[in-house]
Each structure stands twice: as C-alpha cells, then as structure tokens.
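Biologist: I'd like a close look at one part of this chain, and I'm new to reading models. Could you walk me through it slowly?

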Amino acid sequence: MEEAKVGSQYQNELLARCARGQHDVETKYGMCGIITAIACFPCGLICLFKDSKKRCARCGEPCE
Ligand SMILES: [Zn+2]
C-alpha cells in the first residue's frame with residue numbers, strides 16, 4: 001500500500017475512535033488560572049482547576 005494511503009487510513013481510524021466517543025482527553029489550563037495559582041499559592045490552585053478545560057487532543061472536541 002502507498003504511504004499516503006496508510007497515513008490517511010491511520011487518521012481515519014483515529015477519527016473513528018473519536019466518533020465512537022473514545023476521545024484522547026487532555027486537560028488544558030487557562031493562562032489566568034496558572035497566574036493566579038502562582039500569585040496566590042496555595043489558594044490560587046482552586047482557580048487553576050476551575051480554569052481548566054478538558055478537550056480531545058485529536059479532534060478538539062470538548063469533553064466533560
Ligand atoms: Zn476526539
């Protein structure tokens with residue numbers, strides 16, 4: 001099989017996993033949360049967690 005075909009098949013398999021709801025979830029922290037966490041440590045850590053967002057690393061779909 002051609003390289004390009006293998007590549008697109010691989011991508012399709014990953015996206016198919018997302019379509020089935022098996023997202024590659026990663027947690028992103030907002031800039032405000034990080035600054036507050038450092039400036040008001042340790043109380044600021046609460047802001048850090050409140051400012052975090054979970055989303056899929058592959059398709060960018062927000063996950064709860
Ligand atoms: Zn996904």
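Biologist: Over residues 28–49, what percentage of the chain is helix and what percentage is strand, and how far apart are the end C-alpha atoms?

Modeller: Happy to, but keep in mind that this is a predicted model. Over residues 28–49 the chain is 64% helix and 9% strand, and its end C-alpha atoms sit 10 Å apart. That stretch has a label, too: an unreviewed UniProt entry lists residues 28–49 as "transmembrane region".

Let's look at some side chains there. The structure holds 1 aromatic pair. Its partners are Tyr29 and Phe49, arranged edge-to-face, with 6.3 Å from centre to centre and 70° between the planes. The pair links distant parts of the chain, as Tyr29 belongs to strand β1 (residues 25–29) and Phe49 to helix α3 (residues 45–50), 20 residues apart. How open are these two? Tyr29 has 38% relative accessibility, so it counts as partly exposed. Phe49 has a relative accessible area of 52%, so this one is exposed.

Helix α3 also holds Ile46. With 54% relative accessibility, Ile46 counts as exposed. Follow the chain from Ile46 to Gly33 and you cover 13 residues in sequence, yet their C-alpha atoms are 8.3 Å apart in space.

Now for a cysteine in this stretch, Cys43. Cys43 is exposed, because its relative accessible area is 56%, and the cut-off for exposed is over 50%.

Cys18 (SG), His23 (ND1), Cys56 (SG) and Cys59 (SG) coordinate the zinc ion at 2.0 to 2.4 Å. The angles among the 4 donor atoms run from 106 to 115°, and the site is tetrahedral. Written along the sequence, the spacing of these donor residues reads C-x4-H-x32-C-x2-C. As for how hidden they are, Cys18 is buried, with a relative accessible area of 7%, and Cys56 counts as buried at 2% relative accessibility. Cys59 comes out at 37% relative accessibility, so it counts as partly exposed.

Key. Residues numbered from 1 in each chain as written. Predicted model: local features only at pLDDT ≥ 70, side-chain atom pairs only at ≥ 80, totals over all residues. Heavy atoms only, no water. Donors = N, O, S within 2.8 Å, 3.2 Å for Na, K, Ca; no water. Tetrahedral: all angles 85-135°; square planar, octahedral: opposite > 155°, others 65-115°. Buried < 20%, exposed > 50% of the residue type's maximum accessible area, 1.4 Å probe, protein only. UniProt positions renumbered as here; feature names shortened; annotations may be inferred. Helix = DSSP H or I, 4+ residues; strand = E, 2+ residues; numbered from the N terminus. Phe/Tyr/Trp six-rings, centres within 6.5 Å; stacked < 30°, edge-to-face > 60°.
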